[in-house]
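The following note concerns the charged pairs of the structure shown below and the contact between its chains. Please read the numbered points with the structure at hand.

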Amino acid sequence: MGEKAVPYLLVLPVVLYYGAFWLRPVIVSVMGGFTDASGHFTLQNFVMVFNEENFMPAVRNTAVIVVFSVTLEFLGALALALLINRKFVGSGFFLFLSMIPMALPAAAAGAMWVTGLTAHGWINSLLYYLGFLAEGKKIYWLAGSQASLLALLIVIDAWQVIPSVMIILLAGLQNIPEETKEAGYVFGGNYLTVLRKITLPMLKPTIQTAVILRLISAIQIWLIVVLLLGFSRLPVLVERVVFYTKEVRGLDISYQMASGYTIIVSLIVSLVALAYLQVSGAFKRDKEQTV
Amino acid sequence: MTKKKHINIYKAAKRTTFYIFVTGVIIAMLLPLYFIVSLSFLSTREAYRYPLPLLPALNTKFELAHGERGYLLSVYDRVAGEYQSVLDTADLEKMSVYMKSQLGTIPITIEEIEQQIAKLETQEVVHFTRRRNLLYNYQVFFRVAGTGQAIPALLRSLEIAAMTILISLSIGGMAGYAFARYMFKGRDALKFSVLFVRMFPGVSIALPMVIILANMGFYDEPIGLSLVYSVGSIALTVWITASIFMGIPVSLEEAAQVFGATKLQTFFRITLPLALPGLAACAMYAFLGAWNETVAAIILTVFKPTFSVIVYQTVLGAVGQVNLAAAGGMAMALPAIIFTFFLRRYINQMWGGMTV
């Protein structure tokens, strides 16, 4: 008995902790999604969410941000990692600099982009000094169409995320033994074949880690959206949850809307994450490893 | 001979291109940061000039002349490249305050202004230069933001971060060790459930937590927030520590036990010291998570806000004070960046061993 119980005892605190401070609030919140103001079971909350004029735009905007930003960030980070994958003078310091955008607090990053994107902000000033903007001309970044605002958000997100994804991929690349790649070249492969047949397959577990973490947090984007544009201007899913919990609190309907949105967001995140893990074969690999 | 030279030139060109590329990447990463740092040192007047000055000024040049209502104060405008009149008043106190608050010069007494004015008897205009107080925006931010709550909030945030590190390292580290060393039923399910925890939006947990924490007496208390933040950081800690402990050879532990050490002794004498770098990285993630978090802090605090809440409010209400928002943002970013700097090696090591 003694020895067998050790792992369970070691894991027990986490299980208890999650029971008390994660599962309990989650249950309360899920139940909130299925009850009306007087505490009876209802599906009315979801009907209300689906009928809200901002629901479809929120789904669409979130989907656009997730698809484009995760793709852009992954490809950008992979390209950078492949180009930089070598020891060079100052590489340690370079990696530290790459960690800064990730370590930057959301409120500080918000301050940075808010002051940059106003018409008299530093981005226009920089473009003026570089000669891209004629004197007296300004670009009104935050007054553009929905599409241009989405593009702006994707670029801002990419700035913050690409360096950290690059670090993850670099670490993975450095774990691939040089000999395996050399073997590929010896057998007549060129750079692209070696990349496709050896480097990328060996990097797959790292890629999965990076992409799954990005997917989960990209779907939950909201703070930068609100700091730049305020509520309801460019609705995204989690922004709706915050909007109904924080901005219009106190109404019965706002609690129901927030709970409804919460359940929808969690469902989407779980489905996307599971689908990705399934498609990319992470489940299968994990079984192989443990056997 | 010529061939060798050829190769050297080729190599040098390749290396130069590489360094130019890396420099380009660094510039792209740091340019936005440069501007917010620079903005946080600009005077209020210059922060609203367009285009923004690229560098904060160390000195401000003044010109004083007789005006219609008293004395006409002009200030050298770096963007326009000329003196521009800013104030026409006989009230020297007002002039002194204006120079300090709008232009960020080091405080100038009324007597000093009088001395300059005295020179006007012999000459048309007087020119003089004052050094600037570069930290003025930061001083104002800490005095004004959140109606004087900024410094207590800063200390509170540090306290919350420290407690979060303690909770998540002790609880998460234990589970991580179990994952690395033992095969047990439900191991896989648990490992993935640690990931699932991150899939439920943090906002949605914060709201029910209001009642749960209130029942425990922890609502609007630092410990309450640490309990909430630990949920996220425990998940990551389990994941990271599992990979760290896997990287420490079991043979080392077995060797210690051969020499008569108990399991507990082995853990504290052999395994833990070897795992310290990785644990430091976990501590850093826990710190950053707690230090940076804003949403739960907004919902779960009333009279005891965290530093991130104060900065968030300053940024949202920054319409009149971009340089203050910049100073607040930087005051918040600095501890995060310093922490990252000290633990940079460990983060790098850690990512190497971490996979889904």
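1. In chain B, B:D77 and B:R49 form a salt bridge, with 3.0 Å between the closest N and O atoms; the term denotes a side-chain nitrogen of Lys or Arg within 4 Å of a carboxyl oxygen of Asp or Glu. The pair ties together parts that are 28 residues apart in sequence, because B:D77 lies in strand β2 (residues 71-77) of chain B and B:R49 in the loop between α2 (44-47) and β1 (59-66) of chain B. Helices (H or I, at least four residues) and strands (E, at least two) are DSSP runs, numbered from the N terminus.

2. The model is predicted: local features need pLDDT of at least 70 and side-chain atom pairs count only at pLDDT 80 or more, whereas totals for chains, interfaces and linings use all residues. Residues are numbered from 1 along each chain as its sequence is written, chains are lettered from A and ligands numbered from 1 in the order in which they are written, and side-chain values use heavy atoms, with hydrogens and water left out.

3. Buried means under 20% relative accessible area, exposed over 50%, and partly exposed in between (1.4 Å probe, protein chains only).

4. A salt bridge also joins the side chains of B:E112 and B:R130, at 3.1 Å from N to O. B:E112 belongs to helix α4 (residues 110-118) of chain B and B:R130 to strand β4 (residues 126-131) of chain B, 18 residues apart. B:E112 is partly exposed, at 27% relative accessible area, and B:R130 is buried, at 15%.

5. In chain A, A:E239 pairs with A:R240 in a salt bridge whose closest N and O atoms are 3.1 Å apart. Both A:E239 and A:R240 are buried. A network of salt bridges links A:E52, A:E239 and A:R240. Over all chains, the structure holds ten salt bridges.

6. Which kinds of interaction are counted between chain B and chain A? There are zero salt bridges between chain B and chain A, but eleven residue pairs are in polar contact, both residues being at pLDDT 80 or more. A polar contact is a pair of N or O atoms within 3.5 Å; within protein, one must be able to donate a hydrogen and the other to accept it, and residues adjacent in sequence count only if both atoms are side-chain atoms.
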